[in-house]
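Reader: I would like to learn how to read a structure such as this one step by step, with the general idea first and the particular case after it. Could we look at it together?

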Amino acid sequence: MKQKLIMTCAASALLSLTACASLQNVDNKWCPPVEAAPAPVVVPPAPVQMERVELSADALFKFDRSTVADLLPEGRHQLDELASRISNGYVRIEQIRITGHTDRLGSESYNQRLGLARATTVKDYLMSQGVNVAMEVASAGESQPKTTNCVGNKATATLIACLQPDRRVEVDVTGVKKAE
């Protein structure tokens, strides 16, 4: 009989504790207080950003040139820094778009080809420096000038200097940057 009483008490205690564990918001005197689970921490995904790097074609290439052999020392240095920034500054890169721009001197078709050749050279150089992501090249030729006040159509030293901002290569990097 004594053993039956002990088993009954033990079973009652076990059922009481089981009831505390299985029922939410139970307010029995024998149940310990129910603590709410902490809210899960939701970390929003890092935003995809587009960063534009503008490189002066006059710093990159000899005037009216576009090949790797025509890269100037300053141009190589700028491209080396850009390759390092791309390789080390991003968690993920979705795309790189490289667009060559020219001034208005020369024919429209020539400038279209020159802009594309410069963009292709920049792409090839970045790849040679270990930037192995999807890269797209394009040419805007002379269609998107930055200058508006340069007078003349003859390639004088003054006009060439005035049109310098139009000669450029834009590198648009789309991706997720590393936290700083």
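Reader: Which residue in β3 is the bridge partner of Arg 97?

Author: Please keep in mind from the start that this is a predicted model. In β3, Arg 97 has Glu 136 as its bridge partner. Arg 97 also has a partner in β4, where Asp 172 takes that place. A further pair to look for is His 101, which stands opposite Gly 141 in β3.

Reader: How many bridges join β2 to β3, and how many join β2 to β4?

Author: Strand β2, residues 90-101, is joined to β3 by six bridges, and these two strands run parallel. Between β2 and β4 there are 10 bridges, and here the strands run antiparallel.

Reader: Where does Gly 115 lie, and is it buried or exposed?

Author: Gly 115 lies in helix α4, which spans residues 108-128. Gly 115 has a relative accessible area of 0%, so it is counted as buried, the cut-off being under 20%. Apart from its neighbours within four places in sequence, Gly 115 is in contact with Gly 100, His 101, Thr 102, Ala 138 and Ser 139. One of these residues, Ala 138, is 23 residues from Gly 115 in sequence, while the two C-alpha atoms are 7.6 Å apart in space.

Reader: Where are Arg 167 and Arg 168 found, and are they buried or exposed?

Author: Arg 167 belongs to the loop between α5 (157-162) and β4 (168-177), whereas Arg 168 is found in strand β4. Arg 167 is buried, with a relative accessible area of 3%, and Arg 168 is buried too, at 4%.

Reader: What do the side chains of these two arginines reach?

Author: A polar atom of the Arg 167 side chain lies 2.8 Å from the backbone oxygen of Ile 160. The side chain of Arg 168 reaches the backbone oxygen of Asp 166 at 3.0 Å. When residues up to four places away in sequence are left aside, the contacts of Arg 167 include Asp 58, Phe 63, Asp 103 and Arg 118, and those of Arg 168 include Glu 54, Thr 99, Gln 144 and Lys 146.

Reader: How many disulfides does the structure hold, and which residues are joined?

Author: A disulfide is a covalent bond between the sulfur atoms of two cysteines. This structure holds one disulfide, and it joins Cys 150 to Cys 162 with an S to S distance of 2.0 Å. The link of Cys 150 and Cys 162 is left-handed, with -90 degrees about the S-S bond. Because Cys 150 lies in the loop between β3 and α5 and Cys 162 in helix α5, the pair ties together parts that are 12 residues apart in sequence. Cys 150 counts as buried at 13% relative accessibility, whereas Cys 162 is partly exposed at 28%.

Reader: What pattern does the protein chain follow along the sequence?

Author: The protein chain has five helices and four strands, and read along the sequence they follow the pattern α-β-α-α-β-α-β-α-β. Of the 180 residues in the protein chain, 32% are buried. The protein chain exposes about 11700 Å², of which carbon and sulfur atoms supply 58%.

Notes. Residues are numbered from 1 along each chain as its sequence is written. This is a predicted model: local features need pLDDT of at least 70, side-chain atom pairs count only at pLDDT 80 or more; totals for chains, interfaces and linings use all residues. Side-chain values use heavy atoms; hydrogens and water are left out. Buried means under 20% relative accessible area, exposed over 50%, partly exposed in between (1.4 Å probe, protein chains only). A polar contact is a pair of N or O atoms within 3.5 Å; within protein, one must be able to donate a hydrogen and the other to accept it, and residues adjacent in sequence count only if both atoms are side-chain atoms. Contact means heavy atoms within 4.5 Å. Two strands pair if DSSP finds at least two bridges between them. A disulfide is a pair of cysteine sulfur atoms within 2.5 Å. Accessible areas come from the Shrake-Rupley method with a 1.4 Å probe; for residues, only the protein chains shown count as cover.
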